[in-house]
Amino acid sequence: MSIQPKIQINLEEINQKRQRLDTIKAELKNEFIGIDYIIDELINYIQIWFIMPAILTRPIIINLWGMTGVGKTDLIRKLVTKLQFQERFVEIELSNSEHSWNYNVATMFESNCINDGQPAIVLFDEIQRFYTIDPEGKPMNNSRAQDFWELLSDGKLSKRDSKEAIDEYMQRYLYATMQRQKRRAKIKELPVNAEIEQEDEEDLTVGIWEANNLKKAFDLEGSVLDIAEMKEEDILKIMQQKRDKKTVYEPFDHSKTLIIISGNLDDAYSMANETGEADVDADIFRAYTEKITIVDIKNALSKKFKPEQVARFGNIHLIYRSLKKQDFNQLINQEIRKIIQKNKEHFGVDIEISPNINQLIYQNGVFPVQGVRPVFSSITDIVESNLSTILFEAFTNNYMHIKMDYNFDTQQITAILADKKTVSLPYIGKIDKIRQNNLPDMIANISVHEAGHALVYGLLLGLVPLQLKSRVASSYATGFSFPHLLHLSKSNIIHKIKIYLAGGIAEEIVFGEDHITISHAYDREEAVSLIMEYIRKYGFDSNFSAYYGQSGAYSMDTSVTDWSIEKMMKNLQNETKELLEANKDFLIALSKLLFEKGSLLSTEVVEMAKTFGYDFGIKDENYLLLAPYEKILHEFR
């Protein structure tokens, strides 16, 4: 005896849906830059939901995490459109707002007509605003949208509100029916010739408004209009039948709903607060975000949600990385092409835009942790606003070809119209203007300070820092020497302390003790913190064995180690000064070149190091400076 399967497999339909997903994947990759890996994962995870939703017994939950401006929300909206699920899509932002105390997910789903058990897509955006643990780590008494956690658990939404409504309807209709029965009984007792006030038969029907509510509460069959014409007594019978079957109390089933959760987790993306940083190489931020794992995400979630709630997010976490320098350049190229094409289609004018314009946009529009939005704004400011003036001049003279360029020396946008006329527009990028406002004396001081850091970095580690800058976009003149990741061994901690101290000591060597600035205060603070941990926490000082923590029930008097901290600080300062004094010519040459250019490439530092007899290496952003432990281990026979 053969068993007939409940679900009939249609291979042709499955293949068509697979092909549709492949097409959508390709289209999304053309529309979004730098997130091909996210699109691949997303399409892979939604396959079973899109192709064979009937076999699902619980919803698919996909989490998207990343910094702002990387395309999380927009990606889902465009996916929904391409899947043609606009009518079955709900976008919700849960929050702890005082104005949202009485809402729940089931009601929001009901208002969007997706409580019917059929496939749907729901996006819970900016989920970090719906935290259940306060910044101090204490659970919050939050009763808002608690059925959200029910939904994540098994895809079911209880009908708490529906049960109350059902009981209310039953009581009201039962009372009304009893009252009418009493009136009819009294009428039968009256004399035949008595005047009787006849009941209006229309008042006994349900009505449109009531019919709509009853259809939802009792899951009634038929149209709202048909239910509206029914007598109240008949409706009462149907309600009693539904209530006896208990089906009206069964939870809403969302096992075939695709649930997408999106948010920004600053605890996982430690660089997310560097919103004003326009000078750190985008590839450096990218390297840091590439190291973020599902473990980091769950740790970050645990600071906002209770452990059992973190578990309900599941294990499908799509982790966005920040965009690379190449991605930003590709985005700028793409948007410029759109501008050229649009003007060709609308006005018939041919426009050529120089790569200098691209560079101008990049150095004034790219804030790596803010994603693409500032870039779009800068393109409007630099290209479209100035192009409108140039186009007016071109149309006036009937010139239909424009070559647009930027001269960094004269700080002008230039346009050659049909090789006959040149239009020049003074323009300084908003971020470039900030960079240029720093006084030469300040730049000279910063150049020496940062060259000190970079030189000791190279001498101790044999590497060039990832970036070396003395002129950055800041209202307060500053610079930086960006390091690689260092594995904190005993020797690397010593190296790191000396690198911190080198900036202030370089100022003293070049400018004299009286001209040292307070800019080394942060460096000294970091150096002392490392020394304290070196002695008190890590036990690297042979004079001390106990853990001298500064808090806890078993903490000891930390003043015992103060003399050792002071001694170590003094010794490392002297050693760093001796190292810089011995390479003073190298320090001054590097400082002058940095002052002149404001920023040095790794190759430029390497070439200079060779002239002083040093061979510095270049490593990328993902490099971790680590001792050769494996080699040492295998040297033992």
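**Figure 1. Surroundings of Lys 304 in the predicted model.** Apart from residues up to four places away in sequence, Lys 304 touches Gln 128, Tyr 131, Thr 132, Ile 133, Leu 265 and Asp 267, contact meaning heavy atoms within 4.5 Å. Lys 304 belongs to the loop between α11 (294–301) and α12 (307–312); helices (H or I, at least four residues) and strands (E, at least two) are DSSP runs, numbered from the N terminus. Lys 304 is buried but has no salt bridge, and the nearest side chain of opposite charge, Asp 267, is 5.0 Å away. Buried denotes under 20% relative accessible area (1.4 Å probe, protein chains only). A salt bridge requires a side-chain nitrogen of Lys or Arg within 4 Å of a carboxyl oxygen of Asp or Glu; for charge, Lys and Arg count as positive and Asp and Glu as negative, while His and the chain ends are not counted.

The model is predicted, so that local features need pLDDT of at least 70 and side-chain atom pairs count only at pLDDT 80 or more, whereas totals for chains, interfaces and linings use all residues. Residues are numbered from 1 along each chain as its sequence is written, and side-chain values use heavy atoms, with hydrogens and water left out.

**Figure 2. Strand β9 and its two partners.** Strand β9 (residues 401–407) has Ile 402, Met 404 and Tyr 406 on its covered face, and His 401, Lys 403, Asp 405 and Asn 407 on the uncovered one. In a regular strand the side chains alternate between the two faces of the sheet. Strand β8 (residues 350–353) runs parallel to β9 and is joined to it by four bridges; pairing requires that DSSP finds at least two bridges between two strands. Asp 350 has His 401 of β9 as its bridge partner. With strand β10 (residues 412–417), β9 pairs in the antiparallel sense over six bridges, and Asn 407 stands opposite Gln 412 in β10.

**Figure 3. Turn of the β9–β10 hairpin.** Four residues lie between β9 and β10 in this hairpin. Gln 411 in the turn has a positive phi of about 55 degrees.

**Figure 4. The largest nonpolar core.** Among its 78 residues, Ile 46, Trp 49, Leu 83, Phe 124, Ile 127, Phe 148 and Ile 261 touch the most other members. Helix α2 (residues 36–51) gives the most to this core, with nine residues. Such a core is a set of buried Ala, Val, Leu, Ile, Met, Phe, Trp, Tyr and Cys residues joined through side-chain atoms within 4.5 Å. Leaving aside neighbours within four places in sequence, Leu 83 is in contact with Leu 21, Ile 24, Ile 46, Trp 49, Phe 50 and Ile 121.

Definitions and conventions:
Buried < 20%, exposed > 50% of the residue type's maximum accessible area, 1.4 Å probe, protein only.
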